[in-house]
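How do you find your way through a protein fold? Start with the whole chain, then move to its parts.

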Amino acid sequence: AVLMFDERRAAQHCGHCTVRLADGPPSLASDAAADTQGTAAEEPESVEVAAWPCPGGCGAAFCSEACRQDALHAHHEVLCPARNEAWAAFEAHARECANEYYILVAR
């Protein structure tokens, strides 16, 4: 599964395996409360797990230390916007173009 830019809850999922995180970013708390009115059926039930933050501080979260390490090895060590200014600029460009395929290809 891949979560796209325009999905409101993408930041509430593991940055590697996409499992739903129990502790999404605080800024999404109001969105989660607003979504409780009539939208619960839109998203299938999932197991929620605690979040493990990116060690670089970019805001990405992972479902476990093992998943975080897998992500770092597979892509996140190079593609972390907090560690790589060129990647941060490229990711911003992809978002401006609304073209997440640029990001998917890189990963």
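The paragraphs below go from the overall layout to the core, and then to one helix and one histidine.

This is a predicted model, where local features need pLDDT of at least 70, side-chain atom pairs count only at pLDDT 80 or more, and totals for chains, interfaces and linings use all residues. Residues are numbered from 1 along each chain as its sequence is written, and side-chain values use heavy atoms, with hydrogens and water left out.

Begin with the layout. The protein chain has four helices and two strands. Helices here are DSSP runs of H or I with at least four residues, strands are runs of E with at least two, and both are numbered from the N terminus. From that end, the order is α-β-β-α-α-α. The chain has 107 residues, and 27% of them count as buried. Buried means under 20% relative accessible area, exposed means over 50%, and partly exposed lies in between (1.4 Å probe, protein chains only).

Now look inside. In soluble globular proteins, nonpolar side chains tend to be buried together. A nonpolar core is a set of buried Ala, Val, Leu, Ile, Met, Phe, Trp, Tyr and Cys residues joined through side-chain atoms within 4.5 Å. The largest one here has nine residues, among them Cys 14, Leu 21, Phe 62 and Cys 67. Strand S2 (61-62) and helix H2 (65-79) each give two or more residues to this core. Leaving aside neighbours within four places in sequence, Phe 62 is in contact (heavy atoms within 4.5 Å) with residues including Leu 21, Trp 52, Cys 67 and His 76.

Next comes helix H3, residues 85-96. Its twelve residues reach 17 Å from first C-alpha to last, close to the 16 Å expected at 1.5 Å a residue. That expected span is 1.5 Å times one less than the number of residues. Which residues of H3 are buried? They are Trp 87, Glu 91 and Ala 94. Seen down the helix axis, the buried residues fall within an arc of 60°, so they line one face of H3. The arc is taken from the directions from the axis to the C-beta atoms. H2 and helix H4 (101-106) are among what covers them. The face turned away carries exposed Glu 85, Ala 86 and Glu 96.

Finish with His 75, in helix H2. His 75 is buried, at 9% relative accessible area. Beyond neighbours within four places in sequence, His 75 is in contact with Gly 15, His 16 and Arg 107.
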